[in-house]
Amino acid sequence: MAHLQGLVIAAHGRHYLIQAELDGEQHKLHCVTRGKKSDVSVGDVVEFALTSKNQGVIEAITTRKTLLYRSDQYKSKMLAANLTQLLIVIATEPSFSDDLVSRALVAAESAGIQPVLILNKTDVTASLDKARERAGLYAGLGYPVHEVSAKEQPEATRVLLETLTRGQSTILIGQSGMGKSSLINLLIPDADIATREISAALDTGKHTTTFTRLYQLDAQSYVIDSPGFQEFGLHHLSEGMLERAFPEFVPHLGKCRFYNCHHHTEPGCAILAAISDGEISSMRHELFEQLVHESKQTIGY
């Protein structure tokens, strides 16, 4: 039987909703994987076989361009496949986590995905200067930072989001309270209806919206919304991968006195010299050391 191809638009457990063209029309199909283990992700293009009119079984995943995931000491969690862009939503209040933002940036760099920061709630003027100052660290590293107010300037915010997502495969991430849902609803006015339809199709229960889901904006653009999370482990990245995921480290790599320098306390370390000269922030170096420590715990050095 010939395999069909479709795009995974939602996942819940081992159940997937796939959008596919059948007989010239777009259909949403409830698909499962063979066996207990599943490594299918939202954003994957998969090959599947129909088992009934609206159901199928996934047989293969086509080659991915990119894969974004986070991991702790025990397991990894795929966030989405075939992304070109990561929008990190931060806000003036509640205060955002620099640790989470920095980890998301490292994850994007290591996966070959373009990160962009969105500073929301600029209408909360009492906290704006402080938030701008903190976001300025990332702007200084070359990451785009866009300021919006979904509440006070919804139309301008929507136009910016449409511009940023055009022709891109984008995922939005952010801690709870940053206003990510408001941004999604501006970009996709019927997002709530679509979520309820997906929930019903996957039979996840009437109130379950804590799954990653994909919204197609046009033929070349889609946006993925992921549940809010407070931690972003990167235990899967080796020390070598990590040092290259800090763009401000890259000009100094290969210039240390010792070829196997860990940029910790070694004499003649070019990274430590750059910190002393103010070219690299000590906060970023501390994160690097923390991530290397976590990586070694997992890989079992």
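Begin at the largest cavity, whose lining, sorted by class, has 7 nonpolar, 2 polar and no charged residues; here Ala, Val, Leu, Ile, Met, Phe, Trp, Tyr, Cys and Pro count as nonpolar, Asp, Glu, Lys and Arg as charged, and the others, Gly among them, as polar. The model on screen is predicted, with local features needing pLDDT of at least 70 and side-chain atom pairs counting only at pLDDT 80 or more, while totals for chains, interfaces and linings use all residues. Residues are numbered from 1 along each chain as its sequence is written, and side-chain values use heavy atoms, with hydrogens and water left out.

**First stop: the cavity**

Select I88, V89, I90, L100, V101, A104, I173, G174 and Q175, which line the largest cavity. A cavity is a set of points, on a 1 Å grid over the protein atoms alone, where a 1.4 Å probe fits but cannot get out, whereas a pocket is an open set with protein on both sides within 12 Å along at least five of seven lines; lining residues have an atom within 4 Å of a point. The search of the whole structure finds 1 cavity of 30 Å³ or more, and about 60 Å³ of space lies in the largest cavity, a volume being the space filled by probe spheres set on the points, with grid points joined across faces, edges and corners. Strand 8 (85–91) and helix 1 (98–111) each supply at least two residues of this lining; helices (H or I, at least four residues) and strands (E, at least two) are DSSP runs, numbered from the N terminus.

Now pick out A104, which is found in helix 1 and counts as buried at 0% relative accessibility. Buried means under 20% relative accessible area, exposed over 50%, and partly exposed in between (1.4 Å probe, protein chains only).

**Second stop: the pocket**

Select A11, G13, V40, K77 and M78, which lie nearest the centre of the largest pocket among its 24 lining residues. About 530 Å³ of space lies in this pocket, and its lining comprises 11 nonpolar, 8 polar and 5 charged residues. Strand 1 (4–12), strand 6 (67–71) and strand 7 (76–81) each supply at least two residues of the lining, with strand 7 giving the most, 4 residues.

Move to helix 3 (residues 154–165), where 12 residues reach 16 Å from the first C-alpha to the last, close to the 16 Å expected at 1.5 Å a residue; the expected span is 1.5 Å times one less than the number of residues. Colour T157, L160, L161, L164 and T165, which are buried. Seen down the axis of helix 3, the buried residues fall within an arc of 120°, so they line one face of the helix, the arc being that of the directions from the helix axis to the C-beta atoms.

In helix 5 (residues 191–202), select A191, A194, T195, I198, S199 and L202, the buried residues. Viewed down the axis of helix 5, these fall within an arc of 140°, so they line one face of the helix, while R196 and A200 are exposed on the other side.

**Last stop: a histidine in a loop**

Finish at H263, in the loop between helix 6 (239–244) and helix 7 (270–276). H263 is buried, with a relative accessible area of 3%, and its side chain makes a polar contact with the side chain of E243 at 2.8 Å. A polar contact is a pair of N or O atoms within 3.5 Å; within protein, one must be able to donate a hydrogen and the other to accept it, and residues adjacent in sequence count only if both atoms are side-chain atoms.
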